[in-house]
Amino acid sequence: MKLTLSVIKADIGGYVGHSESHPAILAKAEECLAEYKQSGLLIDYYVTKCGDDLQLIMTHQQGEGSEKIHKLAWDTFVEGTELAKSLKLYGAGQDLLSDAFSGNVKGMGPGVAEMEIEERESEPVLIFMADKTSSGSWNMPLYKMFADPFNTIGLIITESLHSGFAFEVHDVKDHKKITLNTPEEIYDLLIYIGAPSRYAVKAVYSRATGDVAAVSSTQRLSLIAGRYVGKDDPVCIVRAQGVFPAVGEVVEPFSIPYLVEGWMRGSHHGPFMPVSVADSKPTRFDGPPRVICLGFQLAEGRLVGPRDMFDDVSFDNVRRQANEVADYMRRHGPFEPHRLPLEEMEYTTMPQIAKKLERRFSHLD
Ligand code: F6R
Ligand code: MG
Ligand code: MG
């Protein structure tokens with residue numbers, strides 16, 4: 001059975017500040033999607049949140065980029081925004097960059113990850129959702145899952161993984177893409193994806209079967225809007241088991257609190273902390289950045305689950321380390337590398353200050 005799994009998300013208002021989603025907004029989204037399920041457009045859905053982002057997880061048979069599905073997500077965000085405005089939630093409707101829907105939510109603010117698949121006899125999928133970070137933050141974990149044998153032993157000892165994976169990489173600034181094959185092109189791949197503010201892994205495919213293994217959202221809000229409007233707070237869907245890495249290999253990359261961009265005012269690096277859904281409510285210095293993971297078994301499109309994958313004591317150490325890294329990074333205050341390089345900061349006063357002080361600069365001899 002051909003099935004599409006769509007995850008479409010937007011920050012339509014924060015509670016309190018940018019820290020959390022309001023329960024009434026989640027209830028409203030639930031109400032909207034229940035109607036679309038009743039009408040038959042959706043097979044199933046699950047509504048959740050990661051920090052201040054509303055996440056719509058949906059299954060259907062309309063294919064990727066379907067106008068009907070994107071419209072229902074857009075309408076749900078618009079209804080949620082009305083409610084957010086009435087509660088005066090913070091930044092109500094902040095990710096809806098346009099007043100009118102024009103066929104596809106891509107380029108309109110919401111983040112989108114979709115994959116059309118032939119549902120396997122048993123289809124475990126893991127959905128990663130992040131808050132206070134940007135779209136390239138999946139680069140390192142996707143590399144580890146699908147190309148690093150120190151993470152995924154299956155690449156060495158399992159026939160179906162041994163032929164490797166193909167990575168589709170997007171240049172988010174120049175709107176170009178390239179596909180690179182692992183393991184033979186890992187050095188070429190890493191020169192790009194090691195620079196996640198510009199290059200983001202959009203999708204990964206099994207070279208044994210050609211099947212899609214992972215897709216991520218690569219929308220960069222600030223590039224769409226041409227100014228700071230909030231963080232991308234990306235999502236990523238990964239299939240597990242069989243010809244793909246095992247569930248344990250898929251979550252393993254998050255056992256190190258690697259540094260990502262997006263903390264406070266989208267202008268700082270901070271440790272990526274894997275947490276349960278309940279703990280995805282970043283407060284300290286508006287962070288540190290969080291990642292949650294929900295696991296589902298698909299059954300003829302039904303979303304059986306979720307299991308809250310980081311709600312596991314085996315991630316306690318990485319959370320503790322993340323807090324230590326957070327303390328250490330914070331001590332740098334306004335200095336790099338805690339603060340992002342000048343050209344990457346989402347907020348800046350540099351143009352005004354440079355203009356004001358222009359005349360006081362003199363050339364060095
Ligand atoms: C980070 C983030 C927050 C805000 C900060 C200031 O991605 O969303 O750190 O940037 O709270 O928000 P405003 O400018 O809305 O007052
Ligand atoms: Mg927000
Ligand atoms: Mg957010």
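The questions and answers below cover a metal site, some aromatic contacts and a helix pair in a predicted model. Residues are numbered from 1 along each chain as its sequence is written, with chains lettered from A and ligands numbered from 1 in the order in which they are written. Local features need pLDDT of at least 70, side-chain atom pairs count only at pLDDT 80 or more, and totals for chains, interfaces and linings use all residues; side-chain values use heavy atoms, with hydrogens and water left out.

Me: Which residue coordinates both the magnesium ion (ligand 3) and the magnesium ion (ligand 2)?
Reply: The two magnesium ions, ligand 3 and ligand 2, are 4.7 Å apart. The residue that coordinates both is Asp52.

Me: How far apart in sequence are the parts that Asp53 and Asp131 tie together?
Reply: Strands here are DSSP E runs of at least two residues, and helices are H or I runs of at least four, numbered from the N terminus. Both aspartates are buried, where buried means under 20% relative accessible area, exposed over 50% and partly exposed in between (1.4 Å probe, protein chains only). Asp53 lies in strand 3 (residues 53–60) and Asp131 in strand 5 (residues 123–131), so the parts tied together are apart by 78 residues.

Me: What kind of aromatic pair do Tyr192 and Tyr199 form?
Reply: Rings of Phe, Tyr and Trp (its six-membered ring) pair if their centres lie within 6.5 Å; planes under 30 degrees apart are stacked, over 60 edge-to-face and the rest tilted. The count by this rule is 15 aromatic pairs. With 5.0 Å centre to centre and 70 degrees between the planes, Tyr192 and Tyr199 are edge-to-face.

Me: At roughly what angle do the axes of helix 1 and helix 2 cross?
Reply: Axes are lines fitted to C-alpha atoms, for helices over the stretch in contact (heavy atoms within 4.5 Å), and angles run from 0 to 180 degrees between N-to-C directions. The axes of helix 1 (residues 23–38) and helix 2 (residues 67–86) come within 9 Å. They cross at roughly 145 degrees.

Definitions and conventions:
Donors = N, O, S within 2.8 Å, 3.2 Å for Na, K, Ca; no water.
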